[in-house]
Amino acid sequence: MERQRSFSVKSSKLLIFSLTVSSSLVFFTFFSVWAFKITPPARPETHLHFNLTAVSLARNPLTVQKLTGFSGNSSAVGAKGSILIDAHLEKPHDASRNASGYLEFSAPREIQNDGSDSEVPADQDTAFEALSENDDASGGQEIEAADSNESTDPEQVVVAISEGIEEGREEATASQQEEGLVSVAIEGESSGGCELTRGKWVYDESYPLYTNASCPFIDEGFDCEGNGRPDKDHAKWRWQPQGCDFPRFNATTMLELLRGKRLVFVGDSINRNQWESMLCLLMGGVRDPKRVYETRGRKITKEKGNYSFRFVDYKCTVEFYVTHFLVHESKARLGKKRIKTLRIDTMDRGTSRWRGADVLVFNTAHWWSHYKTKAGINYYQEGRQVLPQLDVSTAFRKALMTWASWVDRHINPAKTQVFFRSSAPSHFRGGQWNSGGHCQEATRPLNTSSINWYSEKNAILEDVMRHMKTPVTLLNISGLSAYRIDGHPSIYGGRMRKGRSSNIQDCSHWCLPGVPDTWNELLYMHLQTKLRHSVQ
């Protein structure tokens, strides 16, 4: 009996002990799970560096700032439908956020753009009819296109890209939903504290300011829409300088500024590109198109290089005179042969036509990159001497010094405002103009956060201008134009006809309407100040 009672007591104690241990284990397990759930895991910090500037981003949705509108020929800079994106970041390949909900970025990288200023060799001029132009004064034929991005030309477009995510945006057109804002971060001219060449390209539904249907002066080579280009968005970007309001071109105001005056463009076919743009912009202020005519009855074609259009109601003319180099294209005897030369010490023979103008807009650069000018062998001439060899940079400087000396001797700054437009970039990719170089696939500006566009020609030009007596204003369009790979005619530089090759693309000139309109808005901005001050 005693033995049975003892065994019963021991069994009860063992059972109680087992229950106690089990309960403790269960409690400890639940406590551990609970503690783990309420303790947030430490997230690693992410440091993003773009162009040496730290960027911090919250998980809140990014916002879009919209400008309020203007209409017609208003000088306001806001525009209905304009889209401004604050950050200059590019959308990742998949989506704006990864699976965990955090923004993804890739490191900054540097690429080289192929926007060098270059030219078709003169001995290949018959092969590129779409880019030809005759000077009726000298009989020389102008054929312009660019060398490939693989050339060793010292002028290059260097683009530093900071890749990242595109900001959120409100509804735009279908083709613009993936667009980003393009920003230029270069040193540029300023006007009253406004950095005209530092800013951004903004997609604007109110642009362009004219169409190929409303302007009868667009050359076939620049009439991209008329030649079948299907996309129209390339004409809907406007330039917004940093720190100021950029005046929208007002045709009536510009015509009043030019009343009784001569506006003269002097240079190569890129300057003709800008001149045609100006004619089209001014037609927006003309009530009767029949009261605008070419003084010699000429129709604009590539076969003629000199034009003067009269705006009867404003008693003004808008003129263009072709000269590839500003200095004289000549011929000289070398041994038994008569060769083509460039007289870098003598001005072009058409200078008498330019004198007396109220506004002069010069350019040269495009032809300084073709084979003969770059090689410099038995090509440059001073006096009667044909130089055996001269590097192109030295020759370019000497030619500009000849031009500067002529301006200082023959231009009265009290009457004439003088401008010089900087070189415009080309955008050939994958070859030269005659070896498969192309830009056809580009339908939007280059999506980069900053660009440094260095041109040795521009540096030489600025140095020569600093030593002139006559004030000359530099129209610095190089950097802002370097983004506009989408603005060239490419395969739409002429009507498709028998004998015309579709493999040759024009990535040097510009569609109209298009980028040259912005160059003229810069000119318009300067003239509003200069001409009004001259009247007072």
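Start by selecting strand β11 (residues 194-203): six bridges join it to β12, and the two run antiparallel. Strands here are DSSP E runs of at least two residues, helices are H or I runs of at least four, and both are numbered from the N terminus; two strands pair if DSSP finds at least two bridges between them. Show Trp-201 and you can pick out its bridge partner in β12, Trp-239. Strand β12 (residues 237-242) has five of its six residues buried, so it is largely enclosed by the rest of the structure. Buried means under 20% relative accessible area, exposed over 50%, and partly exposed in between, with a 1.4 Å probe and protein chains only.

A word on what you're looking at: this is a predicted model, where local features need pLDDT of at least 70 and side-chain atom pairs count only at pLDDT 80 or more, while totals for chains, interfaces and linings use all residues. Residues are numbered from 1 along each chain as its sequence is written, and side-chain values use heavy atoms, with hydrogens and water left out.

Zoom out for a moment. The chain has nine helices and 24 strands, and 51% of its 536 residues count as buried.

Next, go to the loop between β11 and β12 and select Pro-208.

Another cis peptide bond runs from Leu-512 to Pro-513, with omega near -5°, and Pro-513 sits in the loop between α8 (478-482) and α9.

Slide along α9 to Gln-528. Is Gln-528 buried or exposed? At 15% relative accessibility, Gln-528 counts as buried. Leaving aside neighbours within four places in sequence, Gln-528 is in contact (heavy atoms within 4.5 Å) with Pro-247, Thr-253 and Leu-257. Now draw a distance from Gln-528 to Met-254: their C-alpha atoms are 7.9 Å apart, though 274 residues separate the two along the chain.

Met-254 takes you to the largest nonpolar core, where it is among the residues with the most contacts, along with Leu-282, Phe-311 and Val-318. This core has 63 residues; a nonpolar core is a set of buried Ala, Val, Leu, Ile, Met, Phe, Trp, Tyr and Cys residues joined through side-chain atoms within 4.5 Å. Select Leu-282 and look for its partners beyond four places in sequence, including Phe-249, Met-254 and Phe-311. A second, separate core of 37 residues includes Tyr-321 and Met-347.

Last stop: Leu-326, in the loop between β16 (316-322) and β17. Leu-326 has a positive phi of about 75° although it is not a glycine, and it is buried at a relative accessible area of 0%.
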